[in-house]
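Hi everyone, thanks for coming. Today I'd like to walk you through the salt bridges in this structure. Let's bring it up.

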Amino acid sequence: MTIFKDYEYYGEKAENYFLLGYNCAQSLILTFADDFGLDPKLAERLAFPFGAGMGRLREVCGALSASFMLLGLRSAPKSDLECETYDDEKAAAYAEIQAFAKKFEHEFGSIYCRDLLGLEGKSDPKPEKRTLDYYNNRPCNGIIKVTAYMLAKYLAEKEN
């Protein structure tokens, strides 16, 4: 049985992490931490700065950034820099990142946090309070849920 086969499970799990107060990048990476053998506390800390489009800069969506981190764990070059296949492995890994980014952009219309939220430019570094209005007035939990679903499906397809 394929490890990532229950796509809905991953989507629900990621959304639940977000609703618990984790940022978008943390929610994605924590969802898959066990599958990748990651220590959850370390994963949470590593993903932290990528939330809100990289520290509230509203650049690349944190859920997508965390997806890239996970894809990198799976597909980054296995050989060292001196190996003659390194550049080919690197190109293949980058192609995979670009393919997943294209799927994300096709699904949501942009890879940028500010576009997804309908904002102009960067935000104040101070995070907003997580209230019911916060969750109801932004698309983040849905984006996180669908991204985790998409990543699980993508990984399952790559296993076959």
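Let's start with lysine 145, which is partly exposed at a relative accessible area of 28%; buried here means under 20%, exposed over 50%, and partly exposed in between, with a 1.4 Å probe and protein chains only. Before I go on: this is a predicted model, so local features need pLDDT of at least 70 and side-chain atom pairs pLDDT 80 or more, while totals for chains, interfaces and linings use all residues. Residues are numbered from 1 along each chain as its sequence is written, and side-chain values use heavy atoms, leaving out hydrogens and water.

So what does lysine 145 form a salt bridge with? Its partner is glutamate 15, with the closest N and O atoms 3.7 Å apart. A salt bridge here is a side-chain nitrogen of Lys or Arg within 4 Å of a carboxyl oxygen of Asp or Glu. The two sit 130 residues apart, lysine 145 in helix α9 and glutamate 15 in helix α1; helices are DSSP runs of H or I, at least four residues, numbered from the N terminus. Glutamate 15 is buried, at 14% relative accessibility.

Next, please look at glutamate 96 and arginine 74, whose side chains meet at 2.5 Å, N to O. Glutamate 96 lies in helix α6 and arginine 74 in helix α5, so this pair ties together parts 22 residues apart in sequence. Glutamate 96 is buried at 9%, whereas arginine 74 is partly exposed at 30%.

Back to our opening residue: shared partners join Glu12, Glu15 and Lys145 into one network. Altogether, the count comes to 7 salt bridges.
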